[in-house]
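Please read the following report with the sequence and the model side by side, and look up each element as it is named.

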Amino acid sequence: MNDMHVTRRNFLKITTTAAGGLMIGFSLPRLAEAAAEGGGGEINAWLTISPDNIVSIVTPQTEMGQGAFTAVPMMVAEELDIPWENVRHVAADANRHVNNNNLYTTTSTGGSTTVSRRHPYIMQAGASARERLRKAAADRWGVALETVVAKQGMLTSGDKSGTYGDFAADAAAVTLEQEPAIKAYGDWWLLGKDVKRLDVPTKTNGTAVYPIDVTVPGMVYAAVQSCPVPEGRLVSFDFEAIKAMPGVIAAVEMKQTKDVAAFTDMRSGVAVVAESWYQAKNALAVMPVVWDNGRGATMSYESQTAEAMSLISKPGTLVLNQDGNIGKNLDTGVNHDAVPGLIEASSKVVTGEVYSRPYETHSTMMPPCAVADVKDDRVDVWTFTQDIGRSLNEVADQLGRDAKNVFLHQTQLGGGFGGGFNMFVHRQAVAISAAIGKPVKVIYSREEDFAQDAQRPPVWGTYKAALGDDGLPVALVTHFVGEEKMPAFSQRGVANMPYLVPNRRHEYSAVQSHIPIGYHRAPGANSTGFIVEQMVDELAQAGGWDPLEWRIKMTEGNEPWQRVLLAMKEKSGWTTDLGRGEGMGCAVVESHGTIAGCVANVTISRRGQIYVDRLQFFINSGFVINPLNAREQAESSAIWELSHALYGGLDVRDGRVVNTNFDSYAMLRIADTPPQIDVHLEMSQDKWWGGLGEPAGPPTPPAVANAIFYATGTRVRTTPLSKASL
Amino acid sequence: MAITLNINGRDMAIDADPQMPLLWAIREKAGLTGTKFGCGIAQCGSCTVIIDGNAVRSCNTPVAAAVGKAIRTIEGVSENNDHPVQIAWQDLTVPQCGYCQSGQIMSAVALLERTPKPSDNEIDKAMAGNICRCGTYPRIRAAIHKAAELGKA
């Protein structure tokens, strides 16, 4: 092992691999400090170069279809300058990460941040490796460093040449005087090109491994149930009643340690363990279980809606320019208290009705599942999580084990969409494995998934505005009601909307409930966008403005928005004047640093059936490193939101989710998919990095709803749109 | 009890309750995990396999109903991941999370064996039982058309 030197706060550690190749670990400031104190003996790797010039690149983020396992290798390969066909992907070792001061900075995977926020240190890892290879070649050849070119896996100087693999071992011993800067846009050879995701072939022949596919010798199966009314507690269960059923091995109580279980905390519940999962599920279904349903037992979505409607009819709490992005456009120079008076005094007032969006669930195609093997000296876990490091620490904490002896293995995930941040199935799996002394695979039934998921919370919103002589708003009061556990989810996209109304006041109220809520692809914007972007159309219509022209006018000087809006005007064939039953609608929502515009064409049949004929997207995320993946994600998030817009909506009665499988919670299917979806990447390029995994979702429902209005004259203010009478 | 299933052209002796859903026999007993569990009530299609040429939801098909029949799973589609449907799926980068795709591919293979050049409408009907939460439907539709072209060659 070769000790490396700290060149600056971002330093590198290099060693030769057993195969004689080069392993380069890029360390971040926190690790650098630890190393300087003598804790840096550990190797922490981002990439390995084998003697045959194959580069294995590590990804700390999880792959759930969004492309992390390709994007991270692309960013490293861009700097390293290695042919893409020489690149292999390696999942990060969570144990190494958590036991080395978060070696990879973070393993959290969400918020569309893998590229947008993490590219500086990921690209740096590749750049550092490249410069060490050049130095190694210069030293061996006895030539000046400036003459050595590293390109496409080859090092050359004059008539001398060799592969990266030839110099990998030498490069391990190199010290750089200065770390190189990462490349800027314009210098890229790989980033910006269409690259197929590396995980695709494993997903066409059944070889991709998900937690549900992992098998450990001696493994048994568990079906689980937590209280159907969230926050409720297990009182008792009667194992004697089921223990003679085929295959049944045990029943295990899962104990909740916190008064109120939030996020990934263990919830009070019970598991039945059997030789086969279907035996466990059947036995659990008939085992007598007594629950104390707790405070939520009488709540319903209907009662919650009544409460929200009551709150929204009264003044809410004033939201000021604070809290990061929330309210950034609520001008602090405005006398917010004077805004209602301005509206009352106006001769042209627009009073909005109440809009709403209901609860939605994640329903990832893979239900929550985990395999755990708890032994005396080590613990192995495979689980559904969007943060392997955090889940590992939670397992160690729950079992009272040293994190060094806990191994949480990264697999493919069958979806995520934010749901993988709030699961506690890893806790259940290790609790059961520890209790029975055997490895166990826990799988949720779909019904249990729907019942326990951290749902997307409902939102209600309304507004009142005064228009000036030019038909544009001069004063606007918005009032949104959200869930008190996540206030931001009802304010993103409205408090910080880009439309510059001179006098604004934004009010907020909250309902409370026992229903767990969490991140749900483009959280907040996914619901508020539906309300704001229909409000905008109503304001434009009241003022005699074309809705697209209104948006262009109201965002003057805002280059990222103008780029999107002007492209919509030029390329979409925009018109609000179509034949009877046909409509075109537009909407633009900013989320994750990306501005996404949608133009929807719909046809409404005489019987009121909605057909979404075409969706066109105009997206500005600043940069884009893989346009193919960007288009895939735009299509994906658009259909995700179209599904909720047309069919979604969870109902809650007696404190529990009522529709708990795909027969009662309908999903968009292939026949409902718009025949044409176009994705235009309108990039500002040299400006900033926005995310791309989510932003095309939020503008989709309001664009469709606006199109429905132009087709029918009916404004639909809630979802599912398919239940509207058209 | 001892049951013999013919999976991907091979007879496999398994010990299972005849009422055990075929899905769990395939996954737990035969060890073929490409076929997925999604809903348990034949609503999502993640568990789709082909039995005697028909796309079937294995999560609510008892093992007993599959005895003596030819069962095909994703693992039996091709040796080298090169069936026209698989090639089209790769060319058009259909899978995202990939969890539903074994079922999607099995439904597509069954469709193309019966209808070598399906229309959009026939595709919509044949694929109606398969949900994709990642929303890969536009690419599935295009890939089936492409596979139909590849299959002709």
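The report below takes chain B as a whole, then its sheet and helices, and then some parts of chain A.

This is a predicted model, and the values given here were computed from its coordinates. Chain B contains five helices and five strands, and read along the sequence these elements follow the pattern β-β-α-β-β-β-α-α-α-α. A compact globule of 153 residues would have a radius of gyration near 15 Å, and because chain B has 15 Å, its value agrees with that expectation. Some overall values of chain B are collected in the table.

| Property of chain B | Value |
|---|---|
| Span of the C-alpha trace along the principal axes | about 45 × 30 × 25 Å |
| Buried residues, out of 153 residues | 60% |
| Accessible surface | about 5,400 Å² |
| Part of the accessible surface belonging to carbon and sulfur atoms | 50% |

In which order do the five strands of the open sheet in chain B lie? The order is 2-1-5-3-4, with mixed pairing. At the edges of the sheet are strand 2 (10-15) and strand 4 (54-57) of chain B, each of which pairs on one side only. On average, and with direction ignored, neighbouring strands of this sheet are turned by 40 degrees against each other. Strand 3 (residues 48-51) of chain B runs antiparallel to strand 4 of chain B, and four bridges join the two; within this pairing, B:Val49 has B:Val56 in strand 4 of chain B as its bridge partner. Helix 3 (residues 101-114) of chain B packs on the sheet, where it touches strand 3, strand 4 and strand 5 (70-72) of chain B, and the direction of this helix makes about 35 degrees with that of strand 3 of chain B.

Helix 2 (residues 84-91) of chain B has as its buried residues B:Val85, B:Gln86, B:Ala88, B:Trp89 and B:Gln90, and the buried residues of this helix pack against helix 3 and helix 5 (137-152) of chain B. Just after helix 2 of chain B comes B:Thr93, which takes a positive phi of about 40 degrees.

The mean pLDDT of chain A is 91, and 92% of its residues reach 70 or more, but over residues 1-44 of chain A pLDDT stays under 50. Where pLDDT is low, the predicted coordinates should not be read in detail.

In a regular strand the side chains alternate between the two faces of the sheet. Strand 18 (residues 379-383) of chain A runs parallel to strand 19 of chain A and is joined to it by four bridges, and A:Leu408 in strand 19 of chain A is the bridge partner of A:Val381.

Is A:Leu548 buried or exposed? A:Leu548, which lies in helix 13 (residues 547-554) of chain A, has a relative accessible area of 1%, and therefore counts as buried, the cut-off being under 20%. Leaving aside neighbours within four places in sequence, A:Leu548 is in contact with A:Leu565, A:Met568, A:Lys569, A:Trp574 and A:Cys586. The C-alpha atoms of A:Leu548 and A:Thr575 are separated by 9.2 Å, although these residues are 27 residues apart along the chain.

Terms used: Residues are numbered from 1 along each chain as its sequence is written. Chains are lettered from A and ligands numbered from 1 in the order in which they are written. This is a predicted model: local features need pLDDT of at least 70, side-chain atom pairs count only at pLDDT 80 or more; totals for chains, interfaces and linings use all residues. Side-chain values use heavy atoms; hydrogens and water are left out. Two strands pair if DSSP finds at least two bridges between them. Axes are lines fitted to C-alpha atoms, for helices over the stretch in contact, and angles run from 0 to 180 degrees between N-to-C directions. Contact means heavy atoms within 4.5 Å. The radius of gyration is taken over C-alpha atoms; the globule rule is 2.2 Å times the number of residues to the power 0.38. Buried means under 20% relative accessible area, exposed over 50%, partly exposed in between (1.4 Å probe, protein chains only). Accessible areas come from the Shrake-Rupley method with a 1.4 Å probe; for residues, only the protein chains shown count as cover. pLDDT is the predictor's confidence in each residue, from 0 to 100.
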